[in-house]
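This briefing covers aromatic rings and their surroundings. Please look at the sequence and the structure before reading on.

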Amino acid sequence: MKHLNEELKANDYNTDPMLRACEISINKSYTEVEGRVISPPQLRVGNKENLASKFSRWSFNGKKFADPKSIEFWAVVNFSSGHDIRAFCIEMAKLGAMRGMHIHPPSFVFEENAKHKKKPGSVRVDKMFEQIIPKFRKDPPRFLLCFLPAKYDSNMVLTVLGPWKKKCLMTFGIRNQCIAKNKVDETYLANVMLKINAKLGGLNSMLSAEVSQTIPLVSKVPTMILAMGVTHAPSSRSDLPSVAAVVGSRQWPMISYYRASTCIQPPKTETIHSLFRPVSDREDSGMIRELLMDFHASSGKRKPEQIIIFRQGLSESQFKHVISEMEEIIKACKFLDEIWSPKFTLIVAQRRHHTKLFQANSSDNIPPGTVVDTKICHPLYNNNFYICAHAARVGTSRPIHYFVLLDEIGFSSDSVQELVHCLCYVSQRCTSAIYEVAPIRYARLVSAQMLEIMKTEGPELPMLHKNVRDTMFFC
């Protein structure tokens, strides 16, 4: 706000001859708008305890995970030389026990041969798996913990990370967690444990409303949540395609479990191409079919009667893309069952905008949960709003602008805002609300991870191994 005031004062736009000729004037005072603050949702953790967040954050101190998983058959892989593996595993087991996870000592610790450290990343990973495979011929490990070189040596990290993820996720189907930090403190380890439990199929926390099935319009009728996005390769890598990702909720009435599906498409293409891809009269190899089948299998053989679609990364001029994408989703539904007609709600989330919200007469950021849906919202779309679900740790909070382009389900303005706010609290990667709904964050993580694999392994993207397809490997 101080910076903007200084710019307005220094430039004195109202004396600019061009602006005056166009009869444009710029008000030097901020637009005042009315907002409201949505109360944070109550969370459920282990032992059926409810947990209240404070300023959009919460702590697991003295608490257990809602659904903790054990690690019984696993191994450690070390590409680095700066870690005390034994001490780390002891601390990890202690913290896991405090969170309800029973972690056995690792079955094996594999150290990289020093003579391989200067070789290309794919060679280093291949040599490491030459050590691993003979030890697990009959039964692959349930989990691999991988120590990478410290992040200050970013080139070393990236050259190993892509080949490593490809081997684990696509070749062998092993859930894994990478660590690229020499000094690991308790806070860092606690965050790592969140990711590990989620990747193993556990749940760290959930909404109390999921358990009591009191989420308006979602808990009473089988409802699937989809989030879609596209990640483009950097301009320096014109040889790489773009990666589209779709994540879908599973195990209804839960809204905290998700599965991902990905595909590649021509570079810099924003419209997602492979949502519906029939290869014969009976077979569809598109991404949506995979997620619909998983929802059906994990939700008591029920089809979703309602589908809520979140799309990120589009400007107003690109909204036509998401309409064509939704038509492809409808085709995928009809391909499975011609008489099946779920209701749709379509929401676009914009984070690349320049709108900032400030508290009147205060230098503090706006409180988490702030919603503005009048005066500064887009005049051509009836239901659009800004919401800031998180508390920024540094700098000025940036709200997300949501556009409800279609609503066959029949949400009220308040209920759709409440749903969006709740979905910012279900990310399994942290103990705070995030600034965007969790499924959109997951879609971005998935596509970024697949792009990282292609940067070192080439422009082809193999299928995920069947052992990890239905997991939250992207956490």
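A residue counts as buried under 20% relative accessible area, as exposed over 50%, and as partly exposed in between, using a 1.4 Å probe and protein chains only. The model is predicted, so local features need pLDDT of at least 70 and side-chain atom pairs count only at pLDDT 80 or more, while totals for chains, interfaces and linings use all residues. Residues are numbered from 1 along each chain as its sequence is written, and side-chain values use heavy atoms, with hydrogens and water left out.

**Aromatic pairs**
- The structure holds 20 aromatic pairs; rings of Phe, Tyr and Trp (its six-membered ring) pair if their centres lie within 6.5 Å, with planes under 30 degrees apart counted as stacked, over 60 as edge-to-face and the rest as tilted.
- F60 and F65 form an edge-to-face pair, because their planes stand at 85 degrees, with ring centres 5.1 Å apart.
- F65 is buried at 1% relative accessibility, and F60 is buried at 4%.
- F129 and F172 are stacked, because their planes are at 10 degrees, with ring centres 5.0 Å apart.
- F129 belongs to helix 4 (residues 121–135) and F172 to helix 5 (residues 154–172), so this pair ties together parts 43 residues apart in sequence; helices are DSSP runs of H or I with at least four residues, numbered from the N terminus.
- F129 is buried at 3% relative accessibility, whereas F172 is partly exposed at 26%.

**Cluster**
- F73, F108, F110 and F136 are linked into a cluster by ring pairs.

**Charge over a ring**
- R441 lies over the face of Y435, 5.0 Å from the ring centre; a charge sits over a ring if NZ of Lys or CZ of Arg is within 6 Å of the ring centre and within 35 degrees of the ring normal.

Key
Helix = DSSP H or I, 4+ residues; strand = E, 2+ residues; numbered from the N terminus.
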